[in-house]
Amino acid sequence: MIPLDLTTPAFNLGTVTVDPYPAIRRALARPLYDPDGAEFQPYYAGIIGKLRAAFRSTTAPMVLQGEVVLALEAAAASAIGPQDVVLNLASGHYGKGYGYWAARYAREVIEVEVPDNEAIPPEAVEDALRRRPDVTVIAVTHHETPSGTINPVARIGAIAARHGAIMIVDAASSFGGMDIHPEACGADIFVAAPSKCLGGSPGLSLVHVSEAAWARIAANPRAPFASMLALKDWRDAHLPGRALPFTPSLPEVNALDATLELYLAEGPERVWARHALTARAMRAGVRAMGLSLWAAEEAIAAPSLTSVRLPKGVDGDAVLAEARRRHGVAILGGQGSTAGRLLRIAHMGPTARPLLALIAVAALGHAMTAAGHAVDVAAGLVAADRSIAEAISTTHQQEGT
Ligand SMILES: *Cc1c(COP(=O)(O)O)cnc(C)c1O
């Protein structure tokens, strides 16, 4: 017998950054344009046009040449000046982390913090602004990926607008997987990633900046220019007669073109629907096995990721290793404050497929059992399968087929 090589997992349900859609891999191998040549500007302007369509925004977005962390830090450096008071909203690892960047540039950072299985209550934002009317910038992470929880950014955006503050939103792991767009949620700076729900390759940041944010950046004497952290440098870089500030990563630009093309061609609503259905099936399976979701309420659980609370006494690393060894399935542990307390199954982009929830439930259930916490895998599979079948038959009824 030839032993199976499971060192490369058959299904990577941990992160999509390593497994983009096949069309993206092919795009990475496309010939490269000369960025100074005549063909490049219209090609690049076309990509910005596709991103604008995906963002559903009225202004031209930008692409920064680095993983989303670059754009998040650039937003802090550009929009937060020495006069600003920042209200940082921390419901987990990334939100908490943003406060440290904000503090590097702001006069003062104040924080609303909630436990890492909860969402920020909009009322707490109202309260904080009543106490501190001098707040000028609000920073929030939409999907706290280490927890799998969603913050109500549209409600927070409405509060920010009434107050006259700008809102910076990290939507790295939610944009493309659900109905979230920069202008619709009132974000002034909105950062998304090609490599999460859009199923592309990592390496670039997708950024929307509102007119109000541009005005603040223009008024900030410390806003960087001629710098990797400069938003300013990229504002008009796609226009005819302009050059990009420096040579871009050309294969990543090609991959982004293909990523946006796929998303728009499939239809965003359809893409969100398969994220939502996969999440629903996954959660039905998790609950039927007697396990608990990490999110305090299902209403705040992300459609792009399911976090499962580790039962007391269970070694999470052992469960991950078993899932990989026995099933060839890679799932994730926690990150930051959630490390050792939960397990995560991502359903983003190519892995937002309802039937993959069955694979994930089987792998998780068997691995949990092997690690000493026996669960009813069959009950989990039946529940996940039923939830998919119900959703599909409802869709057929609605479409009259
Ligand atoms: C993935 C992600 C980032 C980027 O982090 P990396 O370490 O570059 O992957 C930023 N914010 C959120 C919410 C994310 O999920």
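Before the views, a word on the model. It is a predicted one, in which local features need pLDDT of at least 70 and side-chain atom pairs count only at pLDDT 80 or more, while totals for chains, interfaces and linings use all residues. Residues are numbered from 1 along each chain as its sequence is written, and side-chain values use heavy atoms, leaving out hydrogens and water.

View 1. Look here for Glu67, Val68, Val69, Leu72, Tyr94, Thr141, His143, Thr145, Asp170, Ala172, Ser173 and Lys196, where a residue counts as near the ligand if one of its heavy atoms lies within 4 Å of it. This shell divides into 5 nonpolar, 4 polar and 3 charged residues (nonpolar: Ala, Val, Leu, Ile, Met, Phe, Trp, Tyr, Cys and Pro; charged: Asp, Glu, Lys and Arg; polar: the others, Gly among them). Helix H3 (residues 68-79) supplies the largest share, 3 residues; helices (H or I, at least four residues) and strands (E, at least two) are DSSP runs, numbered from the N terminus.

**View 2. Polar atoms facing the ligand.** In the side chain of glutamate 67, an N or O atom is 2.6 Å from a ligand oxygen. Aspartate 170 has a polar side-chain atom 2.7 Å from a nitrogen atom of the ligand, and for serine 173 the distance to a ligand oxygen is 3.5 Å. Such polar contacts are pairs of N or O atoms within 3.5 Å. The protein covers 80% of the 380 Å² of accessible area that the ligand has on its own (Shrake-Rupley method, 1.4 Å probe).

View 3. The 16 residues of H2 (residues 40-55) reach 22 Å from first C-alpha to last, close to the 22 Å expected at 1.5 Å a residue (1.5 Å times one less than the number of residues). Its buried residues are Phe40, Tyr43, Tyr44, Ile47, Ile48, Leu51, Ala54 and Phe55 (buried is under 20% relative accessible area, exposed over 50%, partly exposed in between; 1.4 Å probe, protein chains only). They lie on the same side of H2, because they cover an arc of only 140° around the axis, taken from the directions from the helix axis to the C-beta atoms. Arginine 56 sits in the loop between H2 and strand S2 (62-64), with a positive phi near 55°.

**View 4. Alanine 226 in its loop.** This residue is found between helix H7 (211-219) and helix H8 (250-266). Alanine 226 is exposed, at 68% relative accessible area, and its phi is near 45°, a positive value. Most residues other than glycine have a negative phi.

Conventions. Polar contact = N/O pair within 3.5 Å; in protein donor to acceptor, adjacent residues only side chain to side chain.
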